[in-house]
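Colleague: I am new to this model. Please take one part, the surroundings of the ligand, and look at it closely. Then place that part in the rest of the chain.

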Amino acid sequence: MEITHTHLPERFSWGVCDPLKDDDMTELCEFLHKNYMNDGQYYTNYTPEFVKWSLTFPDYDPKAYVCVRYKSKSGVLKLAGFIAGLLQTFCVDGAETKGAYIDYLSVLKKLRKKGLAPVIISELIKYGVTIGVKQSIYISAIAFPHAFTQSTTFVYPINVAHLTKIGKMQEGCPPDRFPVSDETNQYHVPELADVPSLCMLINKYLSRFRLHSIVSQKHIEHLIDGVKSGLFHMYVLKNKTGDITDLISFDSHEETRCDGTAKFVTCGAYYNIHTTVKMRDLVMDAISLAKRIGADLYKLTDIMDNIDAISALPFCNSQQGFYFYSHNCELKKKVTPSDVAMITP
Ligand SMILES: CC(C)(COP(=O)(O)OP(=O)(O)OC[C@H]1O[C@@H](n2cnc3c(N)ncnc32)[C@H](O)[C@@H]1OP(=O)(O)O)[C@@H](O)C(=O)NCCC(=O)NCCS
């Protein structure tokens, strides 16, 4: 089914960003550095390799990576906005659906508040209808009306001296910090042979939440590929029969000062699943493992049951977080962040 594209002003055109084209990924990364996670002081330094990996999960659809380009005065086509519809199966209050989790939504800073974001969103929704995807979940760092819940991000400074030196030590952090140890429980980096056990553990855990992703073995293989390429980090504990019982996972990005004069490394938690160790101990181990790969800061958002670790450890409130929006999802009652377990595939 063809879609009728929304009319754009002169010089603007619709396009897609193909993760298999290096030029597209370089262009997208440069755009994201300036316009996605960029607060005017620091930006998240996504690498083309990471963005490509995050957009090439099994069964991804490049047509769901919609962008708007504009022709500059010198005649060069440049990105004005981007949205990635990450297609996945998710479950909302017991109803399973093939839906899209929206990532990397961003509009060129100088074109903000002109109504471009809803046009890009509706273009993706129109495309979704043609492939049977009718529901989607969005996050935004900025508040708009109709958010169904709001999460808060907490941070654990690891390299306090470095963060203080560059002025990134969080204000209001609890003064009594636990020194981050170099010792952890006996974690292994998972292998492809661990995929079935890992998939079972993750889906069992996610199914406890009202709004949750459902992952396939192919998705876990993709995560493990990311681990092998150094783009993602996973550590597991196993029982005597070799089944995985506990899982730590996080990504890792350099945050760069916009003028290039300072950097720090942030690890952001994905799944922290505990069945044999306490959540507090698991997260302390996650922080130690993040330190081992050079992280200055560890981030944990109060979704899933992360709040158990956040309240047991001297985390600092970053005063930032995400607003969650939905399109076409029927939410039976008020949602709290700890009802949400949506994960990028
Ligand atoms: C979020 C962002 C794309 C919005 O662009 P914008 O130009 O400021 O927004 P616009 O004025 O064009 O449009 C606002 C409308 O889009 C909708 N919208 C914008 N971002 C949205 C999102 N992430 N989810 C759902 N709806 C969103 C709003 O509900 C609002 O609708 P309304 O006009 O009916 O109230 C832009 O601020 C941005 O690039 N921010 C940085 C990156 C970011 O936070 N991305 C979000 C994912 S983390």
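**Around the ligand**

Modeller: The shell around the ligand holds 21 residues, and the closest are Ala 117, Tyr 138, Ser 140, Ala 141 and Phe 144. Keep in mind that this is a predicted model. Helix α3 has the largest share, 4 residues. By type, the shell splits into 14 nonpolar, 4 polar and 3 charged residues.

Now the wider setting. The protein chain is divided into domain 1 (12–140) and domain 2 (151–320 + 335–341). The centres of the two domains, taken over C-alpha atoms, are 25 Å apart. Where they meet, 19 residues of domain 1 are in contact with 17 residues of domain 2. On the domain 1 side, β2 (42–44), α2 (48–55) and β4 each supply at least two of the touching residues. Strand β4 supplies the largest share of that side, 5 residues. That side of domain 1 counts 10 nonpolar, 6 polar and 3 charged residues.

Next, the core. The largest nonpolar core has 87 residues. Within this core, Ile 83, Leu 247, Ala 286, Ala 290 and Tyr 298 touch the most other members. Strand β4 (residues 77–92) gives the most to the core, 9 residues. Domain 1 and domain 2 both give residues to this core, so the core lies between them. In soluble globular proteins, nonpolar side chains tend to be buried together.

Look at Tyr 298 in particular.

Last, the whole chain. The protein chain has 8 helices and 14 strands. Buried residues make up 37% of its 345 residues. Take the contacts with a separation of 6 or more: residues 24 or more positions apart account for 72% of them. Along its principal axes, the C-alpha trace spans about 60 × 45 × 40 Å. A compact globule of 345 residues would have a radius of gyration near 20 Å, and the protein chain has 20 Å, which agrees.

Key: Residues numbered from 1 in each chain as written. Predicted model: local features only at pLDDT ≥ 70, side-chain atom pairs only at ≥ 80, totals over all residues. Core = buried A, V, L, I, M, F, W, Y, C linked by C-beta atoms within 7 Å. Buried ≥ 20, exposed ≤ 12 C-beta atoms within 10 Å, placed from the backbone. Domains from an automatic or database assignment. Contact = placed C-beta atoms within 7 Å. Nonpolar A, V, L, I, M, F, W, Y, C, P; charged D, E, K, R; others polar. Near = placed C-beta within 6 Å. Rg over C-alpha atoms; globule rule 2.2 N^0.38 Å.
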